[in-house]
Amino acid sequence: MRIGIDARIVAYRRGGIASYIVHLLPALAALDARNVYFALRSPRDRTPGEAAANVRRVTVWTPPHHRLERWTLGLEVARLQLDLLHSTDSIPPARGARRFVVTVHDLNFLYYPQFLTAESRRYYNDQIAWAVGRADHILADSEATRNDLHRLLGVPLEKVTTVYLAADPAFRPLPAAEVERALASYGLAPGYLLFVGTLEPRKNLPGLLSAYRILLDRRQVDAPLLLVGGRGWLYEETFQRVEKLGLAGRVRFLENVADADLPALMNGAALLATPSFYEGFGLPALEAMSCGTPVVVSNRGSLPEVVGQAAVQVDPDDPASIAAGIARLLHDAGLRARLREEGLAQAARFTWEETARQTLAVYQTLMEDEETCCLGSKTRA
């Protein structure tokens, strides 16, 4: 097969979707030597050439999330004569391949339209119903997203396969000396509270900040709160809340942290807090567990599915609940030790090799079904 993988978003945005593409493509190439993969990359992409012999780099000029991308991208890839095109960020082109697979990471924009800019709402609301109808098959990062697709958009469950993501193998327990050296370059000492993710409304940073204020007022915490991530849309409320709550000397923001430093930052934290209103998967929670760092997560969306019994779950609508979950972890050494071991075991269940294996199985089933259909048509003729 000639298989296209849409990798354009890697040049535009860091985060879970970019990480998904960065890890899925080489895992597929390593697993599958029979087929040829075409990595569709933006001209802005400065990553090195494709490492695998069965991957071809193709430059396409259509930017991701462009209102005309379903038409212009299809025209660009038509010359490749693809058997299958995998759109890794929800929206497939109208043409350009025999079969189309899309990955839908979440439906946050349907649950919480107020968390998006007007432009983003228009883009997603105009595209998503068409996209899931156009796709021959859909991959979802979690059972929660799979069920959302069925409930909110009427997609038949048999058209959606849940394929979990995984943490980069770099996220693992590190020697204390190595962690301390890395933290020193940021002026940090181990033991801080940590958040990792894009600064945007669905991450519920105002709720986390309010919970942190509660903990300070009760003298249940003395450690700083470290927020690591770039600014997304509607991020201003986070900075306003810091000022309003008098947290300027307690909360520290780190933007543009090198990927190579993130495992050390995870290792150095007392805990990771992910009190999101909605996550399609929740990769930072899995990365923290892979490092042996205990996590506090919200009790909705995909997060309970990803962490299993290896985390403290809280109500994201209630800052007091978030504060109680954090305090419980900070002051219960036995719980921290148990969640460290259970988190490592839970995280080990997720691997990029398995993600690639399940993804390839979907590709193969789609093409086999097409061949069976074509043979049946010829026989009847």
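Which residues are exposed on the other side of H6? The legends below take this up after the sheet.

**View 1. An open sheet of six strands with parallel pairing.** This is a predicted model, in which local features need pLDDT of at least 70, side-chain atom pairs count only at pLDDT 80 or more, and totals for chains, interfaces and linings use all residues. Residues are numbered from 1 along each chain as its sequence is written, and side-chain values use heavy atoms, with hydrogens and water left out. The strands (DSSP runs of E, at least two residues, numbered from the N terminus; paired if DSSP finds at least two bridges between them) follow the order S10-S9-S8-S11-S12-S13. Strands S10 (251-254) and S13 (312-314) stand at the edges with a single partner strand each, so one side of each is left without a neighbour in the sheet.

**View 2. Helix H10 (residues 283-290) packed on the sheet.** H10 (helices being DSSP runs of H or I, at least four residues) touches S8, S11 and strand S12 (295-298), contact meaning heavy atoms within 4.5 Å. Glycine 292, which follows H10, has a positive phi near 85°.

**View 3. Buried and exposed residues of helix H6 (residues 176-184).** Val179, Ala182 and Leu183 are buried in H6, and what covers the buried residues of H6 includes helix H9 (262-268). On the other side of H6, Arg181 and Ala184 are exposed, that is, over 50% relative accessible area, with partly exposed in between.

Methods. Axes are lines fitted to C-alpha atoms, for helices over the stretch in contact, and angles run from 0 to 180 degrees between N-to-C directions. Buried means under 20% relative accessible area, exposed over 50%, partly exposed in between (1.4 Å probe, protein chains only).
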